[in-house]
Amino acid sequence: MMMQSPLCELLGIAYPVFQGGMAWIADGKLAAAVSNAGGLGIISAMNANAEYVREQIQLAKSLTDKPFGVNIMLMSPFADECAQVCVEEKPAVVTTGAGNAGKYIPMWKEAGIKVIPVIASVTMAKQAEKAGADAVVAEGQESGGHIGELTTMALVPQVVDAVKIPVLAAGGIGDGRGIAAAFMLGAAGVQMGTRFLVAKECGVHQNYKDMVLKAKDISTQVTGRRFGGNTCRGIKNNFTRNFVKLEFAPEATQESIADLGAGTLRKAAVEGDVKNGSVLAGQISGLVNKEQTCEEIIQEIMQQAEACLKGAAAWVK
Ligand code: TUI
């Protein structure tokens, strides 16, 4: 199949599709399954320590010979030690989120790792390029989890115009139509989280998968908008409704809501408490209706993308 993207050459992957680094969800097993299917699987280092990250990298290495990545969540108290583990274990790619990766880029590059920050604005994309990033993921606010201000439709072409390195699109992409659209915006690839969350190889609690499978278009809600800093999208439930009520109460302060989210993602993803936990997922949840293997997902979306891109010529006389 098709789609020669500069990203495939850069990374030695068959399809220009990354699996997003979802905290408490994206482990070595899921990453290896995505990489074995021809995409780039990514292990989330989330708030875990170096030992966990090393273990997951070694697990992925035992399950695939293909390249895979590690996502470093820059607000993690363990970011420094996880960054160092990457230098030692040398995954093919490191992606970063929720901050400025600048101080780590030289050590990763020196280790021969491709560095691909996830960014949510043109300024952050330019900073990443200047600091030596190999590509960026431009993530719109349709995404699940921690989000910026712009939509994918508005962000991606502006980032494409602002940098010379390849740009991947993320946020709101769940099938081949989204991939084709991302290419039309100038992207060289895509990152998807929500679609891979329901993959058969994904070990997230079944209750969490069921919430995504049952979700409709307007099922997600954003928490943390009033004070900013930790704006987060997830599927509407007791937790999100309570959070929004508390944050918009007149007497609320940044401090009074600061710890409301603590431990809630683990509660949903691991324990399966999808009422009181955070069921982080993107706006495309309404389109994600079936559990498939990573192989089935990637084959299906790439065939769809190919048909869309070939069919696009019919619009032009
Ligand atoms: O990072 C994500 N998605 C995430 S991270 C996460 S866990 C978390 N826990 C506590 C606080 C925050 C997050 C759940 N989902 N996506 C990539 C992303 N990065 N989206 C937005 C950003 C971003 C935001 C601000 C990147 C950089 C930034 O500031 C740049 C700077 O200069 O500090």
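This is a predicted model: local features need pLDDT of at least 70, side-chain atom pairs count only at pLDDT 80 or more; totals for chains, interfaces and linings use all residues.
A salt bridge is a side-chain nitrogen of Lys or Arg within 4 Å of a carboxyl oxygen of Asp or Glu.

**Glu88 and Arg54**
- Glu88 and Arg54 form a salt bridge in which the closest N and O atoms are 2.8 Å apart.
- Because Glu88 belongs to helix α4 (residues 79-89) and Arg54 to helix α3 (residues 50-63), the pair ties together parts that are 34 residues apart in sequence.
- Glu88 has a relative accessibility of 44% and so counts as partly exposed, and Arg54, with a relative accessible area of 28%, is also partly exposed.

**Asp134 and Lys109**
- A salt bridge joins the side chains of Asp134 and Lys109, with a distance of 2.9 Å from N to O.
- This pair links distant parts of the chain, since Asp134 sits in the loop between α6 (122-130) and β6 (136-139) while Lys109 is in helix α5 (residues 105-110), 25 residues apart.
- Asp134 is buried, because its relative accessible area of 14% falls under the 20% cut-off, whereas Lys109 is partly exposed with a relative accessible area of 35%.

**Glu291 and Lys209**
- The side chains of Glu291 and Lys209 also meet in a salt bridge, for which the N to O distance is 3.7 Å.
- Glu291 is found in the loop between α13 (264-269) and α14 (294-311), and Lys209 in helix α10 (residues 206-214), so that this pair ties together parts that are 82 residues apart in sequence.
- Glu291 counts as partly exposed at 30% relative accessibility, but Lys209, at 3% relative accessibility, counts as buried.

**Pro106 in helix α5**
- Pro106 lies in helix α5, the helix with residues 105-110 that also holds Lys109.
- With a relative accessible area of 48%, Pro106 is partly exposed, because this value lies between the 20% limit for buried and the 50% limit for exposed.
- Between the C-alpha atoms of Pro106 and Gly286 the separation is 40 Å, and these two residues are 180 residues apart along the chain.

Terms used: Residues are numbered from 1 along each chain as its sequence is written. Side-chain values use heavy atoms; hydrogens and water are left out. Helices (H or I, at least four residues) and strands (E, at least two) are DSSP runs, numbered from the N terminus. Buried means under 20% relative accessible area, exposed over 50%, partly exposed in between (1.4 Å probe, protein chains only).
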